[in-house]
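Hi,

Here is the structure I promised to pass on.

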Amino acid sequence: MCGIVGYIGKQKASAIILEGLKRLEYRGYDSAGVATQQGDHFDLAKKIGRVEGLIKTTPALKLPGTTGIGHTRWATHGGVTDANAHPHISSDQKFAIIHNGVVENYASIKKFLLTKGYTFKSETDTEVLCNLIAYHYQKEPATKEGSRFLESVRKTLRHIEGTYGIAVMCADNPAEIVAARKGSPLILGVGDGELMLASDVSAIISRTQNVVYLKDGEIVHMTAQNFSITTLDSSDVSPVIDKITWNIEDSEVGAFDHFMEKEIFEQPAALENTMRGRFSEDGSTAQFGGLNITAIDFRQVDRFHFIACGSAWHACLVAEQLIERFARVPVEVDYASEFRYRNIPLSKNALFFTISQSGETIDTLAAMREAKRKGYKVLAISNVVGSSIAREADGGVYQHVGPEIGVASTKAFTSQLLVGAMLALYIGRMRDMSFSGGIEYVKALKGAPDLVRETLKLAPQLKEIAKRYAHYKDMLFLGRLTLFPVALEGALKLKEISYIHAEGYPAAEMKHGPIALISEECPSVFFVPSGEMFNKVVSSMQEIKARKGKIIAIATQNCELPSGLVDELIRIPECHEAVLPIVASIPVQLLSYYMAVELKRDVDKPRNLAKSVTVE
Ligand code: G6P
């Protein structure tokens with residue numbers, strides 16, 4: 001939610017920042033802006049719309065400095081206007097700032113600053129932050145050389161309630177940036193004779209692979225030659241420089257039309273990467289290097305709690321069923337945003353898992369902190385190494401699927417399903433699952449990438465179906481057991497990127513409400529697995545058919561469907577029940593993708609959404 005970039009070096013900052021902003025646009029794309037500094041003067045360009053629009057209307061000459069900051073916005077305080085776009089400049093022209101997060105006590109601070117003569121051009125909380133820095137700067141004695149700028153930011157942040165990732169330039173201190181974070185991600189890139197700042201590594205990977213993941217409450221003071229990190233209470237921090245393991249191609253769209261398409265087709269490899277090195281030598285169970293919890297402690301757990309948002313929450317619902325089925329331990333799943341406020345009674349030996357692709361979703365982070373505050377261990381399943389959730393967790397599992405740029409999650413989602421399935425195996429083998437049961441389960445998981453490869457061959461068929469169905473205004477997605485969360489995910493994918501209203505429901509529950517929507521104008525997507533649920537699902541389909549509803553069936557190979565029952569038949573391979581949700585996700589991803597393309601939607605940047613939601 002909002003992307004920020006900063007640069008100090010010998011190159012023209014604006015070109016590097018704009019390039020970085022393009023890579024961060026998935027975080028928000030309501031407006032974009034850049035400010036560079038030359039001597040004691042800021043040059044500023046900002047406007048509503050995409051980064052590309054800003055580039056087109058901003059001649060390079062307008063932003064000549066070699067120090068600069070840039071921002072791509074997902075609006076919180078104040079509408080989508082040029083004036084509300086970042087960077088913001090203090091009314092005394094001393095400071096320029098970019099900000100990701102929310103200043104909760106901005107109203108009282110604004111009131112105070114107005115009495116001190118500061119003026120405001122925007123409705124944002126960020127401009128309040130900027131003027132408060134200016135206020136403290138005026139009051140700060142110019143004692144120690146160079147520290148007045150840093151200290152006024154530090155003082156300001158001590159008064160701020162809420163979250164922030166900020167980068168600030170000061171007119172009196174050319175070639176310096178002060179940046180800080182609390183609750184919003186911020187990474188320092190250490191390049192060759194240059195330093196960068198960004199909300200995530202994709203913005204800086206083309207210039208350096210050496211990064212410092214800043215922690216909450218840390219402030220970095222950057223000059224062209226050096227940087228130092230301190231805390232809000234002025235303690236020194238020794239920086240740890242990490243190396244990013246992926247490269248620039250991973251964050252480029254390549255031969256595909258959209259990141260979402262690329263990421264759908266990357267899934268076989270992504271699943272292989274998630275599994276790599278994670279099965280025991282005898283092939284009968286899973287193993288995880290980073291759980292930081294002994295098998296004995298794991299054995300004591302009497303209830304697992306899974307917490308997440310969005311697609312990751314759907315992955316939790318599948319994990320719940322697999323763990324309960326194969327490991328026979330009760331599992332609770334909560335939306336992170338609800339968990340914090342429900343204050344549910346927790347058993348003594350509960351263990352928490354959070355699932356978060358980005359590792360930065362603020363609701364998930366806050367729920368995790370709440371569980372930890374109550375004395376529980378929290379393990380994180382996350383894709384982004386060094387993310388806040390991964391760092392604050394007691395242990396966890398990295399997904400290793402590479403950067404996911406498309407706002408609608410695809411490869412990260414199926415990888416989360418896989419991690420959930422592996423956990424069910426791991427916990428199951430500690431309890432009642434037999435050695436041979438484990439061998440069979442591992443074999444099935446290892447076969448998942450090939451089954452997904454095979455399923456991806458359905459793309460041309462789904463493209464054709466998408467053309468026939470893209471004009472509908474409503475759609476239902478119906479499935480049972482582990483395919484119910486996949487139905488929820490299918491509906492979410494469709495509404496996110498095509499803006500067609502869609503609902504996911506348990507197939508049999510459909511008759512208690514959603515059936516009222518059924519007519520020739522509201523088609524249903526049914527998941528039809530062979531086995532014990534087959535006849536039940538067919539009955540539900542009959543009920544839809546009797547009301548003239550069109551049916552798209554995603555059925556496993558062995559299902560023999562009554563003739564004339566379905567309008568479209570998509571065949572997926574038969575597979576183990578731990579793998580079925582993964583394979584069944586592929587057709588709905590492709591269907592929603594092609595429907596959105598058919599409707600000429602902005603697939604990778606759907607309206608109003610952002611990839612990583614770092615505000616509550
Ligand atoms: C946003 C994204 C979703 C994602 C959710 C949780 O809403 O648009 O695709 O599932 O956040 O994100 P996380 O990074 O925590 O998995």
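Phe-256 has a relative accessible area of 31%, so it counts as partly exposed (buried means under 20%, exposed over 50% and partly exposed in between, using a 1.4 Å probe and protein chains only). Phe-265 is partly exposed too, at 29%. The ring centres of Phe-256 and Phe-265 are 6.1 Å apart and their planes meet at 25°, so this pair is stacked. Rings of Phe, Tyr and Trp (its six-membered ring) pair if their centres lie within 6.5 Å; planes under 30 degrees apart are stacked, over 60 edge-to-face, and the rest tilted.

Before you go further: this is a predicted model, where local features need pLDDT of at least 70 and side-chain atom pairs count only at pLDDT 80 or more, while totals for chains, interfaces and linings use all residues. Residues are numbered from 1 along each chain as its sequence is written, and side-chain values use heavy atoms, leaving out hydrogens and water.

Back to the rings. The structure has 16 aromatic pairs, and ring pairs tie Phe-288, Phe-298, Phe-304, Phe-306, Phe-353 and Tyr-426 into a cluster. Charges turn up over rings as well (NZ of Lys or CZ of Arg within 6 Å of the ring centre and within 35 degrees of the ring normal). Lys-110 lies over the face of Phe-120, 4.9 Å from the ring centre, and the charged end of Arg-325 is 4.7 Å from the centre of the Phe-326 ring.

Next, the sheet. Five strands make an open, parallel sheet in the order E17-E16-E18-E19-E20. Strands (E, at least two residues) and helices (H or I, at least four) are DSSP runs numbered from the N terminus, and two strands pair if DSSP finds at least two bridges between them. At the edges are E17 (331-335) and E20 (395-398), each pairing on one side only. E16 (303-308) is joined to E17 by five bridges, with Ala-308 opposite Tyr-335. Helix H9 (310-326) packs on the sheet and touches E16, E17 and E18, its direction making about 170° with that of E17. For such angles, axes are lines fitted to C-alpha atoms (for helices, over the stretch in contact), and values run from 0 to 180 degrees between N-to-C directions.

Last one: is Asn-558 buried or exposed? It is exposed, at 56% relative accessibility. Asn-558 sits in the loop between E24 and E25 and, leaving aside residues up to four places away in sequence, touches Ser-530 and Glu-574 (contact means heavy atoms within 4.5 Å).

Cheers
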